[in-house]
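Here is a short tour to read alongside the coordinates. Keep the viewer open and follow the headings in turn.

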Amino acid sequence: MIVGVPKEIKRDEYRVAMLPVGAEELVRAGHRVLVEAGAGLGSGLPDAAYEKAGAELVATAAEVFGQADMILKVKEPLPPEWPLIRPGQVVFTYFHFAADRKLTEAMIATGATAVAYETLRDDQGRLPLLTPMSEVAGRMSIQEGAKYLERPQMGRGILLGGVPGVAPAHISILGGGIVGANAAKVAAGFGADIGLLDVNMERLRYLDDIMPANVDVLFSDRHTIREQLERADLVIGAVLIPGAKAPRLIERADLKLMKPGSVIIDVAIDQGGCVETSRPTTHSEPTFMVDEVVHYCVTNMPGAVGRTSTYALCNVTLPWGLQIANRGIERAARDLKPVARAINIIGGEVTNEAVAKTFGLPYRPRFDV
Ligand SMILES: NC(=O)c1ccc[n+]([C@@H]2O[C@H](COP(=O)([O-])OP(=O)(O)OC[C@H]3O[C@@H](n4cnc5c(N)ncnc54)[C@H](O)[C@@H]3O)[C@@H](O)[C@H]2O)c1
C-alpha cells in the first residue's frame, strides 16, 4: 500500500499523523510512505528524519492525496482537501462527523472510506485513539482555565490553589471520563476545590475510590449542575456520548447563575459543545464573553502542545494503521471489530448509526460490529 501523510492545514494545528519511526515500520512491512515536505516541523520533526526512516518526501498535498491508497491525518479534512480525496481511498483521521453536516456530506460525495479515530472502539468499550488526546486536553483544560481566570485575561482574578488564609478556586467538571478525570487530577494537584460530575454510577464509584480528598464525586443532574454553577470559578465541559452530539448541560439562562469573570472551558466543543452559548474557537482567538462569563472553546486543544500530542497520538494510531495497510480495509474490517466500528462512511454510505441518526441519513450497516 502507499500510505500518505499530508501537512495539517487547520489553523494553529502543529501535530502530524506519523512519527519517523512509523514510516520505518510501514516501510519494513513492505509499504511505501509519502510525507508532504514540512509535515512534521510543527512537532519539531524535520524532513530529514522521515527520509532517513525510508519515507519519500513530496512537495504538495495534491501529490500525497493523488498517489496514496491510505491517508493518515490528524484533523478532519478541510474544504481545500475535499476535492483531493479519491473514491476508494482510505482516510484515517479524526472526523467528529456529528458536529459537521457539510463535512459528512462532502465525505459521502467523495466515495472514500472514512475511518474515524474517535469511533475505533475496542471490545471493552474503550476508545483507544481518543484516549491520549483526551488525556492531553483534560490536563491542559486546567492550565488554560488557570490562565483565563487571571484578571488581564478577563477572568475573576483567582489563583486556583488560593493561599493560606484565602480559599482556593472551585472547579466543576462535567463528565468524569478521560478528559474529566485528567482535569480533576491536575486541578487536585493545584489544591483547588473540585466537583466532578457523571451519570454513570460505576464510573462514579471508581472515581470516588481513586480521587484525592479535594475532589467531590457527584451524580450529574439538573439540580446538582445548577448548584455547581453558582459555586464555580471554572467549569470544564467534558461529557461525551460516543459518535453523537454532546448533551446540552448548560443553557444560556444558566449563565446568570455564574459569577462574573468565571470561565467555561468547553472541551466537548468538538462534538458540538455541552454549553448552549459555546461556539468553536481557535488558538489564535480562543475565548469570547457571554453574559460576563469567559468561554474557551478551542476544538483542537492538543494542537497547541504539538510535540507531546504527536507522540501520544502516533503511539496509538500506528498499530492500527499498520493493520489496515497490511490487510487492506475490507479484510481489516472483517478481521478486527475495532476497525469495522471506526468506519463511518464507505462507498458513499453511512455505516455509523449515530452519525446517520444525527443527520437523518440512511444507516447502511456493512460490517459485523
Ligand atoms: N477540544 C478538544 O481539543 C478535545 C480534545 C480531546 C477530547 N475532546 C472531547 O472531550 C469530550 C470528552 O472526551 P472523553 O475522552 O473524556 O470521553 P469519555 O467517554 O471518556 O467521558 C465522557 C463522560 O461523560 C459522561 N457523561 C455523559 N453524559 C453526561 C451527563 N449528562 N452529565 C455528566 N456526565 C455525562 C459519561 O458517562 C462519560 O464518563 C469528547 O467530546 C471529546 O471529543 C475534545
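## Two residues with positive phi

Histidine 96 sits in the loop between strand 5 and helix 4 (101-110); helices (H or I, at least four residues) and strands (E, at least two) are DSSP runs, numbered from the N terminus. Its phi is near 50°, a positive value in a residue other than glycine. Most residues other than glycine have a negative phi. With a relative accessible area of 8%, histidine 96 is buried (buried means under 20% relative accessible area, exposed over 50%, partly exposed in between, with a 1.4 Å probe and protein chains only).

Glutamate 292 also has a positive phi, near 65°. You will find glutamate 292 in the loop between strand 12 and strand 13 (293-296). At 52% relative accessibility, glutamate 292 counts as exposed.

## How to read the model

This is a predicted model, in which local features need pLDDT of at least 70 and side-chain atom pairs count only at pLDDT 80 or more, while totals for chains, interfaces and linings use all residues. Residues are numbered from 1 along each chain as its sequence is written, and side-chain values use heavy atoms, with hydrogens and water left out.

## Around the ligand

Which residues come nearest to the ligand? Of the 27 residues around the ligand, they are Ser134, Val179, Asp198, Ser220 and Met301; a residue counts as near if one of its heavy atoms lies within 4 Å of the molecule.

Polar contacts are pairs of N or O atoms within 3.5 Å (within protein, one must be able to donate a hydrogen and the other to accept it, and residues adjacent in sequence count only if both atoms are side-chain atoms). Serine 220 has a polar side-chain atom 2.8 Å from a nitrogen atom of the ligand. Aspartate 270 places a polar side-chain atom 2.8 Å from an oxygen atom of the ligand. Valine 298 takes part through its backbone, with an N or O atom 3.1 Å from a ligand nitrogen. On its own the ligand has 870 Å² of accessible area, and the protein covers 89% of that (Shrake-Rupley method with a 1.4 Å probe; for residues, only the protein chains shown count as cover).

Helix 8 (residues 222-231) has Thr224, Ile225, Gln228 and Leu229 as its buried residues. Because these residues cover an arc of only 135° around the axis, they lie on the same side of helix 8; the arc is that of the directions from the helix axis to the C-beta atoms. On the other side of helix 8, His223 and Glu227 are exposed.

What covers the buried residues of helix 8? The cover includes strand 7 (170-174), strand 8 (193-198), strand 9 (215-219) and strand 10 (234-237), with contact meaning heavy atoms within 4.5 Å.

## Salt bridges

Side chains of opposite charge can pair when their charged atoms come close. Counting a side-chain nitrogen of Lys or Arg within 4 Å of a carboxyl oxygen of Asp or Glu as a salt bridge, the total comes to 22. Arginine 156 and aspartate 233 form one, with the closest N and O atoms 2.5 Å apart. Arginine 156 lies in the loop between helix 5 (131-148) and strand 7, and aspartate 233 in the loop between helix 8 and strand 10, so the pair ties together parts that are 77 residues apart in sequence. Arginine 156 is partly exposed at 33% relative accessible area, whereas aspartate 233 is buried at 4%.

Aspartate 254 forms a salt bridge with arginine 222 (3.2 Å, N to O). That pair links the loop between strand 10 and strand 11 (263-266) to helix 8, 32 residues apart. Aspartate 254 also forms a salt bridge with arginine 226, the closest N and O atoms being 3.3 Å apart. Aspartate 254 is buried at 2% relative accessibility, while arginine 222 is partly exposed at 34%, and arginine 226 is partly exposed at 34%. Elsewhere, Glu8, Lys73 and Glu81 are linked in a network of salt bridges.

## Two buried loop residues

Glutamine 89, in the loop between strand 4 (70-72) and strand 5 (90-93), is buried with a relative accessible area of 2%. Not counting residues up to four places away in sequence, glutamine 89 touches Phe65, Ala68, Asp69, Ile71, Leu84, Ala112 and Thr113.

Valine 267 belongs to the loop between strand 11 and strand 12 (287-290) and counts as buried at 12% relative accessibility. Valine 267 and glycine 138 are 129 residues apart in sequence and 7.9 Å apart in space, C-alpha to C-alpha. Leaving out residues up to four places away in sequence, the contacts of valine 267 include Val179 and Met301, and both of these are among the residues that come nearest to the ligand.
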